[in-house]
Amino acid sequence: IMLTDYKNRMEMIERTANLADPVIGAFILKAVTEEYSFNYLKMQMDIPCERDMYYDRYRKFFWLLSKER
């Protein structure tokens, strides 16, 4: 039961990250689940956007997630 609950929550987080932005959803997911900063995403993972757009979508992710719950 716990594994199913965990799986459902992870799917909800992944789905919400992609709803926030289909292009950088994977980067938002990394930031949320693995605590990567924007600087790390930009320098090491080459995120295809700038800081303002990233944080706009990052906030949108949390807004969508709160509505999903």
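Start with how the chain folds back on itself: among its contacts with a separation of 6 or more, 49% are between residues 24 or more positions apart. Keep in mind that what you're looking at is a predicted model.

Now for the inside. Of the 69 residues, 28% count as buried. The largest nonpolar core has 16 residues, and the ones touching the most other members are Ile-24, Ile-28, Leu-41, Ile-47, Tyr-54 and Phe-61. Helix 1 (2–20), helix 2 (25–34), helix 3 (38–44) and helix 4 (51–68) each give two or more residues to this core. Take Ile-28 as a guide: leaving out residues up to four places away in sequence, Ile-28 touches Ala-17, Ala-20, Tyr-54, Arg-57, Tyr-58 and Phe-61.

Setting aside neighbours within four places in sequence, Thr-16 is in contact with Phe-61, Leu-64, Leu-65 and Glu-68. Is Thr-16 buried or exposed? With a relative accessible area of 1%, Thr-16 falls under the 20% cut-off, so it counts as buried.

Glu-68 leads us on to the charges. Side chains of opposite charge can pair when their charged atoms come close. The whole structure holds seven salt bridges, and one of them joins Glu-68 to Arg-15, 3.1 Å from N to O. Because Glu-68 sits in helix 4 and Arg-15 in helix 1, this pair ties together parts that are 53 residues apart in sequence. Both partners are partly exposed, Glu-68 at 38% relative accessibility and Arg-15 at 42%.

Other pairs stay within one helix. Arg-9 forms a salt bridge with Asp-5, their closest N and O atoms being 3.3 Å apart. These two are four residues apart in helix 1, so about one helical turn separates them. In helix 2, Lys-30 and Glu-34 are likewise four residues apart, about one turn, and their salt bridge has its closest N and O atoms 3.4 Å apart. There's also a network of salt bridges linking Asp-21, Asp-56 and Arg-57.

Step back to the whole chain to finish. It has 11 positive and 11 negative charges, whose mean positions are 4 Å apart. The chain exposes about 5,100 Å², with carbon and sulfur atoms supplying 54% of that area.

Definitions and conventions. Residues numbered from 1 in each chain as written. Predicted model: local features only at pLDDT ≥ 70, side-chain atom pairs only at ≥ 80, totals over all residues. Heavy atoms only, no water. Buried < 20%, exposed > 50% of the residue type's maximum accessible area, 1.4 Å probe, protein only. Contact = heavy atoms within 4.5 Å. Areas by Shrake-Rupley, 256 points an atom, 1.4 Å probe, with all protein chains shown as cover. Lys, Arg positive; Asp, Glu negative; His and termini not counted. Charge placed at Lys NZ, Arg CZ, Asp CG, Glu CD. Core = buried A, V, L, I, M, F, W, Y, C linked by side-chain atoms within 4.5 Å. Salt bridge = Lys/Arg side-chain N within 4 Å of Asp/Glu carboxyl O.
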